[in-house]
Amino acid sequence: MKLSDFEAVIGLEVHVELKTATKIFCSCPTDFGAEPNTRCCPICMGLPGAMPTLNRRAVELAVMAGLALHGTVLPLCRTDRKQYFYPDLPKAYQISQAGVPICRNGYLTIATPDGDRDIGITRIHIEEDAAKLIHADGRTLVDYNRSGVPLIEIVSEPQLRSGKEAADYLRNLRSILVSCGITDGKMQEGSLRCDVNVSVRPLGSAKLGVRTEIKNLNSFAFTEKAIEYEVRRQCELICRGEAVRMETRRYDAASGKTVLMRTKERAEDYRFMTEPDLPPIFLSEEEIETLGNALPELPEARAARLSKTYGLPEGDARILCEDALLADYFESAADVCAYPRLAANLLLSELLRYCESEPFSSPVSARRLSVLAELMGEGTVNSSTAKKLLLRLCEGDFDPRETVEREGLAQILDTELLTRAIMETLAENPRAVADYKNGKTAAMRSLQGRVMARTAGRAEPVLTEHLLKQILEEYEVEPHV
Ligand SMILES: [Zn+2]
């Protein structure tokens, strides 16, 4: 058997930090990067006798996540104690939801080469984050600032088939949750991280193979690479006649491999019990509806609208809507511009390189971008001049229309002027002309480039190419003595 005879079966458990001001069971702040152990109290440190109270905002954000992912929010759910002993968990249990989660049966759409596919979301539940362990100098230190930060865990159906699909799922998920204000989505700060379950089976088989779990992946690229490696590793084991063992692994970015953390013979026994210190969570129909109405336009719907309203290719619209701020920026440019598609092109192919991506901000105002698109669209400047102007706008603001006039940057459409520039260029480059005559079509590009240079990039490209071809046909190279 070879790699292509196998099918990978992948499911994701994504942990998302909710964007609340305070923790889930106490009023300690959730801000990131504070001095260790300065954002904690007896409740989030799990001291005996401390009583939790549920942060209602965390519940609301979890409901919004459920609705944004097309799930069913349950009118009544509970919290449970998941018991395990580890230094990052001072109470020796985590408050989570076992039996009845806050939401079930959602889905998320990903684009694949075979078209869009809906990936099922089994459940979304609320839980508290654990403390952070810092391993240094042979010692382990505990920072309780993160202990009790509200999380949701989003569990997908095992319907993903490759590392690429898993990364796309994660990207879309993040985009939806960030655009709804549910999380800040900062993966480098751990606001969104995932555990991946991977197994392989022979193509066409319905029986699931033995799966491994890769813990705590915190970037799209690592998720993709870890899965690709793990799928290959499992296929190779099976091809060699060895068995895949049920185990927990982690991704080592330096070597690009997954490495064994621990083997597990069977599922851990967490001895779940209903949390006695918290009442059940009730959600009325009205409350769920109000939260649903508070959701903004979701990225997918927005991409469809932008594509339709402004005539953008679907792929471009999707890239724009991955980040709500980027889409906002585009829309404010497009709304005052007769050439929105050109504005999108300039933005995606040029400007984006100079923008701060996290959170998105552009050094060029939307108004200026729209003027550049208009100058191009109405034929005043060619694309090469527009790109140069854009680059200059990144350095400092000015009025592009006025500058084009003052500096004489308008493109040359005058046939006579262009013909003269072409004739001069040909006279100076007999070698390239001879090459062209001898059938080297690449010489054409080089001559065109020289005409552009001669006109300081202002020649209208299509007309120039047309004239250049015409002139070359009749052009005689003077014999060299
Ligand atoms: Zn606290």
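Predicted model: local features only at pLDDT ≥ 70, side-chain atom pairs only at ≥ 80, totals over all residues.
A crossing is called left-handed if the near helix is turned anticlockwise from the far one by less than a right angle, and right-handed if it is turned clockwise.

**View 1. Helices H13 and H14 cross in a left-handed way.** Here you're looking at H13, residues 430-437, packed against H14, residues 442-454. The angle between them is about 145°, and their axes sit 8 Å apart. On the H13 side, the residues making the contact are Ala432, Val433, Asp435 and Tyr436. H14 answers with Ala443, Met444, Ser446 and Leu447. Sort the residues of this contact by class and you get 6 nonpolar, 1 polar and 1 charged.

**View 2. Helices H5 and H6 make a right-handed crossing.** H5 covers residues 299-310 and H6 covers residues 314-321. They pack at about 135°, with 8 Å between their axes. That angle makes H5 oblique to H6. From H5, the contact uses Pro299, Arg302, Ala303, Leu306 and Ser307. Across from them, H6 brings in Glu314, Ala317, Arg318 and Cys321.

**View 3. Helices H12 and H15 pack with their axes 10 Å apart.** This pair joins residues 415-428 (H12) with residues 461-474 (H15), at an angle of about 55°. So H12 counts as oblique to H15. The crossing is right-handed. Look for Thr415, Leu418, Thr419, Ile422, Met423 and Leu426 on H12. They meet Leu463, Thr464, Leu467, Leu468, Ile471 and Leu472 on H15.

**View 4. Four cysteines hold a zinc ion.** Zoom in on the metal and you'll find the SG atoms of Cys26, Cys28, Cys41 and Cys44 coordinating the zinc ion, at 2.3 to 2.4 Å. The angles among the 4 donor atoms run from 101 to 115°, and the site is tetrahedral. Along the sequence, the donor residues follow the spacing C-x1-C-x12-C-x2-C. Cys28 and Cys44 both lie in the loop between strand E1 (6-17) and helix H1 (56-68), so this pair ties together parts that are 16 residues apart in sequence.

Conventions
Residues numbered from 1 in each chain as written. Heavy atoms only, no water. Axes fitted to C-alpha atoms, helices over the stretch in contact; angles between N-to-C directions. Helix = DSSP H or I, 4+ residues; strand = E, 2+ residues; numbered from the N terminus. Parallel < 35°, antiparallel > 145°, perpendicular 65-115°, else oblique. Contact = heavy atoms within 4.5 Å. Donors = N, O, S within 2.8 Å, 3.2 Å for Na, K, Ca; no water. Tetrahedral: all angles 85-135°; square planar, octahedral: opposite > 155°, others 65-115°. Nonpolar A, V, L, I, M, F, W, Y, C, P; charged D, E, K, R; others polar.
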